[in-house]
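Colleague: Hello! I would like to learn how to read a protein model, one feature at a time. Could you walk me through this one?

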Amino acid sequence: MSGASVADYYDQDTEAFYFRFWDTDDLHFGLFEDQKDRLDVAIQAMTRAVVSPLLELAAGHVADLGCGVGGAMSWLAGRAGVRITGVAVSPRPGVLARRRFRRA
């Protein structure tokens with residue numbers, strides 16, 4: 001799959017699919033700690049598991065490569081005084097991530 005087709009996929013499907021059927025904060029898979037967990041609970045568990053080690057940064061700069069719509073880094077920014085640079089594979093999710101940070 002070429003880089004252009006990956007970018008096109010996320011540009012077209014972020015809002016049409018992920019926001020409608022997946023999650024509005026994160027585009028990643030979930031960590032199902034219990035087989036009865038709902039998808040949104042499992043996605044939040046994955047965010048915590050992957051990002052919480054970064055809470056030890058009292059301040060600093062974090063780069064999120066493949067930031068999607070910025071949900072994981074918003075979670076981190078709300079808990080640690082870090083500056084975040086997000087890099088998205090396609091324009092549309094990046095626009096949505098910037099909106100999220102402006103609101104925060």
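Predicted model: local features only at pLDDT ≥ 70, side-chain atom pairs only at ≥ 80, totals over all residues.

Colleague: Is Asp 37 buried, exposed or partly exposed, and why?

Modeller: The relative accessible area decides, and buried means under 20%. Asp 37 counts as partly exposed because its value is 22%. Compare Asp 64, in strand 1 (residues 59-65): its value is 15%, so Asp 64 is buried. Beyond its sequence neighbours up to four places away, Asp 64 touches Met 73, Thr 85, Gly 86 and Val 87.

Colleague: Now the inside: which residues make up the largest nonpolar core?

Modeller: Look for buried nonpolar residues joined through their side chains. In this model there are eight: Val 51, Val 62, Ala 72, Met 73, Trp 75, Leu 76, Ala 80 and Val 82. Helix 3 (residues 71-77) gives the largest share of this core, with four residues. Take Leu 76 as an example: not counting residues up to four places away in sequence, its contacts are Val 51, Leu 54, Leu 55, Val 62 and Val 82.

Colleague: How do I read a helix, and which residues of helix 4 are buried?

Modeller: An α-helix has 3.6 residues a turn, so residues three or four places apart point the same way. In helix 4, the buried residues are Pro 93, Gly 94, Leu 96, Ala 97 and Arg 100. They lie on the same side of helix 4, because they cover an arc of only 160° around the axis. Exposed on the other side are Pro 91, Arg 102 and Arg 103.

Colleague: How many salt bridges does a search of the whole structure find?

Modeller: For a salt bridge, we pair a side-chain nitrogen of Lys or Arg with a carboxyl oxygen of Asp or Glu. The search finds one. Asp 40 and Arg 38 form a salt bridge, with their closest N and O atoms 2.9 Å apart. Asp 40 is partly exposed, at 28% relative accessible area, while Arg 38 is exposed, at 53%.

How values were computed. Residues numbered from 1 in each chain as written. Heavy atoms only, no water. Buried < 20%, exposed > 50% of the residue type's maximum accessible area, 1.4 Å probe, protein only. Core = buried A, V, L, I, M, F, W, Y, C linked by side-chain atoms within 4.5 Å. Helix = DSSP H or I, 4+ residues; strand = E, 2+ residues; numbered from the N terminus. Contact = heavy atoms within 4.5 Å. Arc of directions from axis to C-beta. Salt bridge = Lys/Arg side-chain N within 4 Å of Asp/Glu carboxyl O.
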